[in-house]
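Me: I would like to learn how to read the features of a protein model. Please take them one at a time.

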Amino acid sequence: MHRRARSPEAKLRRTEDLLEATRGLAADRGGVRHITLAAVTEAAGLHPSAVRRYFESKEELLLELAERGWGEWRDALTSHLAGARDLTPEQTAAAVAGTLASQPLFCDLLTHVPLSLEGDVDIERARRFKTNSFAAYDAIVDVLTAASTMTSAQVQGVITVALALTANLWQLSHPTPTLAELYAQHPRWGHVALDFEPRLTRLLQATAFGLASDTGPVTMARGPEVP
């Protein structure tokens, strides 16, 4: 039976239902690229025409999940590093990679945010995403800097590389059925699709070591839009 929200509380609950349905479908279907609004509303128990009461488009719905993903990653890192001090660059990089890998939906969305999501919503929704994602980014930089021997600029460099690598490697490591079959036939082509977290960790550790070893001035682009 389709349900209709008749109060602010009910509308909020329906919004959460849509977001949870999207999370479930992304997990079941191998990523957000395979999701449609029709499937989301059906999974949430809503009439297809009702979704516009909550989200103007699929892009706005997914951008909401990406925005929440920034907060969830911040919270995961904060919890993981509670009480940590003087982490080496390699340990710092491992914390970044491990907590990112623990947020699979966020990893997937990092590819789509700059490609379509933030550019295909209205300016006020884009402004809200930027405001909240930058706030989470700043908190992540502060947490990592306080827990490690790296400078704030070096930590920002690690995060910049982490976001860019994740946006690429996550998609390679979660191929479509067609590509999975192709990689089974040609293993050499599929080697890059293996071991997302170990590969990300190794590359970030090399990056962190290099940044910490560089005594010259480092200027990094500020903010989470880098990918």
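Me: Is arginine 74 buried, partly exposed or exposed?

Reply: Buried means under 20% relative accessible area, exposed over 50%, and partly exposed in between (1.4 Å probe, protein chains only). Arginine 74 has a relative accessible area of 29%, so this residue is partly exposed. This is a predicted model, in which local features need pLDDT of at least 70, side-chain atom pairs count only at pLDDT 80 or more, and totals for chains, interfaces and linings use all residues. Residues are numbered from 1 along each chain as its sequence is written, and side-chain values use heavy atoms, with hydrogens and water left out.

Me: Which residue meets the side chain of arginine 74 in a salt bridge?

Reply: A salt bridge is a side-chain nitrogen of Lys or Arg within 4 Å of a carboxyl oxygen of Asp or Glu. Here the partner is aspartate 75, with 3.0 Å from N to O. Aspartate 75 is partly exposed, at 43% relative accessibility. By this rule the count comes to 13 salt bridges.

Me: Where do arginine 68 and glutamate 64 lie?

Reply: Helices (H or I, at least four residues) and strands (E, at least two) are DSSP runs, numbered from the N terminus. Both residues are in helix H3 (residues 58-80), four residues apart, about one turn of the helix. Glutamate 64 counts as buried at 10% relative accessibility, whereas arginine 68, at 28%, is partly exposed.

Me: How many helices and strands does the protein chain have?

Reply: The protein chain has 10 helices and zero strands. The radius of gyration is taken over C-alpha atoms, and the globule rule is 2.2 Å times the number of residues to the power 0.38. For this protein chain the radius is 19 Å, close to the 17 Å that the rule gives for 227 residues, so the chain is as compact as a globular protein of that length. Of the 227 residues, 46% count as buried.

Me: What does UniProt place at residues 12-73?

Reply: UniProt positions are given in the numbering used here, feature names are shortened, and annotations may be inferred rather than shown by experiment. The unreviewed entry places the feature "domain: HTH tetR-type" there. In the model, residues 12-73 are 68% helix and 0% strand, with the end C-alpha atoms 23 Å apart. The UniProt annotation "DNA-binding region", also from an unreviewed entry, covers residues 36-55. Over residues 36-55 the chain is 40% helix and 0% strand.
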